[in-house]
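Biologist: I am new to this structure and would like to go through it with you. Could you bring it up?

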Amino acid sequence: MKKYELMAPCHFGLEAVLKKEIYDLGYEILKVEDGRVTFEGDAEAICRSNIFLRTTERVLLKVGGFRAVTFEELYQGIKALPWEDYIPVDGKFWVTKASSIKSRLFSSSDIQSVAKKAMVERMKIKYGRDWFSEEGASYPVRIFLYKDEVTVTIDTTGESLHKRGYRKASGKAPLTETLAAALILLTPWHADRILVDPLCGSGTFLIEAAMIAANIAPGMKRHFLSETWDNLIVQELWEESFAEASELVDCDISTDIQGYDIDGEVIKVARENAERAGVKDLIHFQKRAVSELHHPKKYGFILTNPPYGERMEEKESLPALYREIGKAFLGLDDWSMYMISGYEDTEKYIGRKADRNRKIYNGMLKTYFYQFLGPKPPKRKK
């Protein structure tokens, strides 16, 4: 089966998490860059990576790359690529996105226009026709320029992979599902340990954790753009990949995953999201204030995304909220707490310096993933 270069973008700072995911799926890593991991795979890899990867936004099929500092060089470089190997004569093709960093060509609209013209010219020659109906399957092209190096890809995913299909409504400041999953995978949490989000909002952290615990592939309940690419991927590969995902699910596991929020309506939304995700029986949601957070079990985990104060009216309440979180955490014997926040005084009001932190961009917001580590539980006797 033909091998392709596949590219998976992710949140800056979380490349190592995505790299491990891809490696665990059985594919060879070719390159790790800021916000992107490139790996090698065949047509089946396109199916499986879309269905199974939790921490990437999409899977891109690399068509080629070259250097360009003028629009003429861009035109000739795009025209030289073997588009006929990827796009059939009736395929719908356009440049859906062009981004440029530290490059002499920087106008996205001009890059898109020049690239489309070059693609059409190549296909005119190869298919021997002057006009294309573009009534068939869609092949959206994404072009990236970095320091004048052009990378040309086709999007295999369609709607971003963070759209798992379970979240119809969100709280005030939701995390994307892909970011939530990546942060969970950064912690040492496992399904046999208690996990609590005392400010759970729409429940994203907890739902993603429950899906990980039950081995539910994040893409098994949705569809992907490349399912219509009959010229590159036979339908049987999609059917086999979805069947593989279904066979791996184990919802009979025992978990202790809990979510609290002071807003009863938000808790109702979280329960509905968990039901759509197929994990409602693995999570206990309850209307409860942060101050009421307590638990008799040891060695548990708090994982939460509190307000950052993006809105001015929130800022005044943040010191009291973070003090409350810190006080509740102090009362939990031997627990660990993991928190993503853009609030600059997080550690001051939690009342403890984080053992580790990691800079993460949540959308355009610079945040930190604070890690307040408790002791490891004693090893179980075999």
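Biologist: In which sense do strand β6 and β7 pair, and over how many bridges?

Modeller: Strand β6 (residues 138–146) and β7 pair in the antiparallel sense, over 6 bridges. Strands here are DSSP runs of E with at least two residues, helices are runs of H or I with at least four, and both are numbered from the N terminus. Two strands pair if DSSP finds at least two bridges between them. Please note that this is a predicted model, in which local features need pLDDT of at least 70 and side-chain atom pairs count only at pLDDT 80 or more, while totals for chains, interfaces and linings use all residues. Residues are numbered from 1 along each chain as its sequence is written, and side-chain values use heavy atoms, with hydrogens and water left out.

Biologist: What lies between β6 and β7?

Modeller: The two strands form a hairpin with 2 residues between them, and K147 in the turn has a positive phi of about 50°. The bridge partner of Y146 in β7 is E149.

Biologist: Which other strand pairs with β7?

Modeller: Strand β4 (residues 60–67) also pairs with β7, in the antiparallel sense, over 7 bridges. There, F66 has V150 of β7 as its bridge partner.

Biologist: How many residues of β7 are buried?

Modeller: In β7 (residues 149–155), 6 of the 7 residues are buried, so the strand is largely enclosed by the rest of the structure. Buried means under 20% relative accessible area, exposed means over 50%, and partly exposed is in between, using a 1.4 Å probe and protein chains only.

Biologist: Changing topic, what is the strand order in the open sheet of 7 strands?

Modeller: The order is β10-β9-β8-β11-β12-β14-β13, with mixed pairing. β10 (283–287) and β13 (356–362) are the edge strands with a single partner each, so one side of each has no neighbour in the sheet. From one strand to the next, the twist averages 20°.

Biologist: Which helix packs on the sheet and touches β13?

Modeller: That is helix α5 (residues 177–186), which also touches β11 (301–304), β12 (336–341) and β14 (365–372). Its direction makes about 170° with that of β13. Such angles run from 0 to 180 degrees between N-to-C directions, and axes are lines fitted to C-alpha atoms, for helices over the stretch in contact. Helix α6 (residues 204–213) packs on the sheet as well, touching β8, β9, β10, β11 and β12.

Biologist: At what angle do α5 and α6 pack?

Modeller: They pack at about 65°, with their axes 9 Å apart. Residues of α5 including L183 and I184 meet residues of α6 including F205 and I212; contact means heavy atoms within 4.5 Å. By class, this contact has 8 nonpolar, 1 polar and 2 charged residues. Ala, Val, Leu, Ile, Met, Phe, Trp, Tyr, Cys and Pro count as nonpolar, Asp, Glu, Lys and Arg as charged, and the others, Gly among them, as polar.

Biologist: Is D261 buried or exposed?

Modeller: D261 counts as buried because its relative accessibility is 12%. This residue is found in strand β9, and the residues it touches include P198, C200 and R288, with those up to four places away in sequence not counted.

Biologist: And where does A191 lie?

Modeller: A191 lies in the loop between α5 and β8. With 24% relative accessibility, A191 counts as partly exposed. Leaving out residues up to four places away in sequence, A191 touches A213, S254 and T255.
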